[in-house]
Amino acid sequence: MVKEMGKIVLVLGLMLGIVNPSEAVIAPASYVIYNNGTTYYAQNGQTGVNDYSGTDASTVIQSALNALTFGRTWKEKVVLKGNFSLAERLLLPNYTILEIQGSLLATTSLEAQGYPVLIDVVAPK
């Protein structure tokens, strides 16, 4: 049973949606992304080591997403803890859960590149 309420979870691959907390399975995070000052870190969920870091949130998040198991048919989770400004689009692989514990802000550079400055969340049918 999930005790924490109010988290938006984007489940990508077979569906994109808001997970009903009463039906959600709590999976351990493959990576937890957080910041300390102006530096962002991607902490490995198995080793506790910060595998990636930098001053660009988009790059650190994408590095963690790219490090997930290639070609998997099971879900792996990346947790974003805090507030993030994205200057580049994120490409999420199939079977990825992106759990946002904070906020995402798409910067105007994304709009200038022709990407919509929207994050769509669609409930599963």
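**A buried salt bridge and its surroundings**

Glu99 and Lys77 are both buried, where buried means under 20% relative accessible area, exposed means over 50%, and partly exposed lies in between (1.4 Å probe, protein chains only). Good morning, colleagues. The model I am presenting is predicted, so local features need a pLDDT of at least 70 and side-chain atom pairs count only at pLDDT 80 or more, while totals for chains, interfaces and linings use all residues. Residues are numbered from 1 along each chain as its sequence is written, and side-chain values use heavy atoms, with hydrogens and water left out.

Let me stay with the opening pair. Glu99 and Lys77 form a salt bridge, with 3.3 Å between their closest N and O atoms; the term requires a side-chain nitrogen of Lys or Arg within 4 Å of a carboxyl oxygen of Asp or Glu. Glu99 belongs to strand 6 (residues 96-106) and Lys77 to strand 5 (residues 76-86), so that distant parts of the chain, 22 residues apart, are linked. A search of the whole structure finds one salt bridge.

I turn to the overall layout. The protein has two helices and six strands, and from the N terminus their order is β-β-β-β-α-β-β-α. These elements are DSSP runs numbered from the N terminus: helices (H or I) of at least four residues and strands (E) of at least two. Of the 125 residues, 29% count as buried.

Next, Arg72. This residue sits in the loop between helix 1 (57-66) and strand 5. Which side chain of opposite charge is nearest to Arg72? It is Glu76, 4.2 Å away, and Arg72 is buried yet has no salt bridge; in this count Lys and Arg are positive, Asp and Glu are negative, and His and the chain ends are not counted. The side chain of Arg72 does make a polar contact with the side chain of Thr96, at 2.5 Å. A polar contact is a pair of N or O atoms within 3.5 Å; within protein, one must be able to donate a hydrogen and the other to accept it, and residues adjacent in sequence count only if both atoms are side-chain atoms. Apart from neighbours within four places in sequence, Arg72 is in contact (heavy atoms within 4.5 Å) with Pro93, Asn94, Tyr95 and Thr96.

Helix 1 itself deserves a moment. Seven of its 10 residues are buried, so helix 1 is largely enclosed by the rest of the structure. Among the buried residues are Val60, Ile61 and Leu65. The buried residues of helix 1 pack against strand 2, strand 3 (39-44), strand 4, strand 5 and strand 6. At the N-terminal end, Asp56 caps helix 1, with a side-chain oxygen 3.3 Å from the backbone nitrogen of Ser58.

Finally, the aromatic pairs. Rings of Phe, Tyr and Trp (its six-membered ring) pair if their centres lie within 6.5 Å; planes under 30 degrees apart are stacked, over 60 edge-to-face, and the rest tilted. The count comes to three aromatic pairs. One of them, Tyr31 with Tyr52, is tilted, at 6.0 Å centre to centre and 45° between the planes. Tyr31 lies in strand 2 (residues 29-36) and Tyr52 in strand 4 (residues 50-54), so this pair ties together parts 21 residues apart in sequence. Tyr31 is buried at 6% relative accessibility, whereas Tyr52 is partly exposed at 29%.
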